[in-house]
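I opened this notebook to record what I looked up in one model. The entries follow the order in which I searched.

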Amino acid sequence: MKAMLLAAGLGTRLKPWTDKHPKALAVVNGKSLLQRNIEYLASYGIRDIVINVHHFSGQIIEAIEKNNGWGANISISDESDEVLETGGGLRKAQPLLEKEANFLLMNADILTNLDLHAFIQHHTQQNNLATLAVSDRISSRYFLFDENEKLCGWKNINTGEAKITRITKTATAKAFSGMHLISSRIFPLMQRTGKFSMVDVYLDLSKQINIGCYDHTGAAFLDVGKPESIEQAAKLFR
């Protein structure tokens, strides 16, 4: 299986580091987030990795070349002209991923010890178009899943905005962890172009197609998006 690490973002929450560096090269206990996630994927046998780049893209490419990809086979999806968000970034990288039956899409600025083997097994057994890693934790935005663990909506706690795509008697709110297992069958179904989010793609498709979830509550997980989270990560990930 191939994986794609999303490393193109501006990382505005991680200032002042991102004033001069890409967020994927933020360092936790002597290793960058990028290195940690490449090594995490390799520990599950995933060594063919696509990385999209935009903000200080040259620094990321230089780090990969200097370290021989930390043992992985790295392909670059160059978004130097315009950052395309998760959906647009995946669409641009389609030629590098479309021959895979399934692939993993993952934010480069998260750290976790989620069991990828269990995640992949669940996705395969459920035969979902996509399976989203989620957990029970406090967040401002949640995906909503029905009694069969299929995506049925989204809501923003702060603004009250909600999008319901399937009617269900019971909707369970889960926080998304920035990790997706996706079937390549999704590519011809993605109608949006340019800059767009995978959240909107999933909500569009969930009206008729099963988008599932994998609950990894209890696993170590951290969104390393703010300076204070670097300190927290250093305590959790050695």
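**Salt bridges**

I searched for salt bridges and found eight in the structure; the term stands for a side-chain nitrogen of Lys or Arg within 4 Å of a carboxyl oxygen of Asp or Glu. The model is predicted, so I note that local features need pLDDT of at least 70, that side-chain atom pairs count only at pLDDT 80 or more, and that totals for chains, interfaces and linings use all residues. Residues are numbered from 1 along each chain as its sequence is written, and side-chain values use heavy atoms, with hydrogens and water left out.

I looked up Lys174 and found a salt bridge to Asp215, with 2.6 Å between the closest N and O atoms. This pair joins distant parts of the chain, since Lys174 is in strand β12 and Asp215 in strand β13 (residues 211-215), 41 residues apart. I take helices (H or I, at least four residues) and strands (E, at least two) as DSSP runs, numbered from the N terminus. Lys174 is buried, at 13% relative accessible area, whereas Asp215 is partly exposed, at 33%. Here buried means under 20% relative accessible area, exposed over 50%, and partly exposed in between (1.4 Å probe, protein chains only). A network of salt bridges links Asp136, Lys174 and Asp215.

I next examined Lys163, which forms a salt bridge with Asp200 at 3.7 Å between the closest N and O atoms. This pair also spans distant parts of the chain: Lys163 belongs to strand β11 (residues 162-164) and Asp200 to helix α6, 37 residues apart. Lys163 is partly exposed, with 33% relative accessibility, and Asp200 is partly exposed, with 22%.

I also recorded the salt bridge between the side chains of Lys31 and Glu39, 2.9 Å from N to O. Lys31 has a relative accessible area of 31% and is partly exposed; Glu39, at 29%, is likewise partly exposed.

**Helix α6**

I then turned to α6, which covers residues 198-205. Met198, Val201, Tyr202, Leu203 and Leu205 are buried in this helix. Ser197 caps its N-terminal end, with a side-chain oxygen 3.0 Å from the backbone nitrogen of Val199; the cut-off for a polar contact is a pair of N or O atoms within 3.5 Å, where within protein one must be able to donate a hydrogen and the other to accept it, and residues adjacent in sequence count only if both atoms are side-chain atoms.

**Nonpolar cores**

I looked for nonpolar cores, meaning sets of buried Ala, Val, Leu, Ile, Met, Phe, Trp, Tyr and Cys residues joined through side-chain atoms within 4.5 Å. The largest holds 31 residues, and Leu34, Leu41 and Ile51 have the most contacts inside it. Elements giving two or more residues to this core include β1 (2-6), α1 (33-42), β4 (48-53) and β12 (172-183). The most comes from α1, with four residues. Apart from this core lies another of 28 residues, among them Val134, Met198, Tyr202 and Leu203.

Which residues does Leu41 contact, leaving aside neighbours within four places in sequence? I listed Ala3, Leu5, Ile46, Ile49, Leu104, Met106 and Leu116, with contact meaning heavy atoms within 4.5 Å.

**Cysteines**

I searched the whole structure for disulfides and found zero; the cut-off is a pair of cysteine sulfur atoms within 2.5 Å. The sulfur of Cys152 has its closest cysteine sulfur in Cys213, 9.9 Å away, which is too far for a bond. Cys152 is buried, at 1% relative accessibility, and Cys213 is buried, at 6%.
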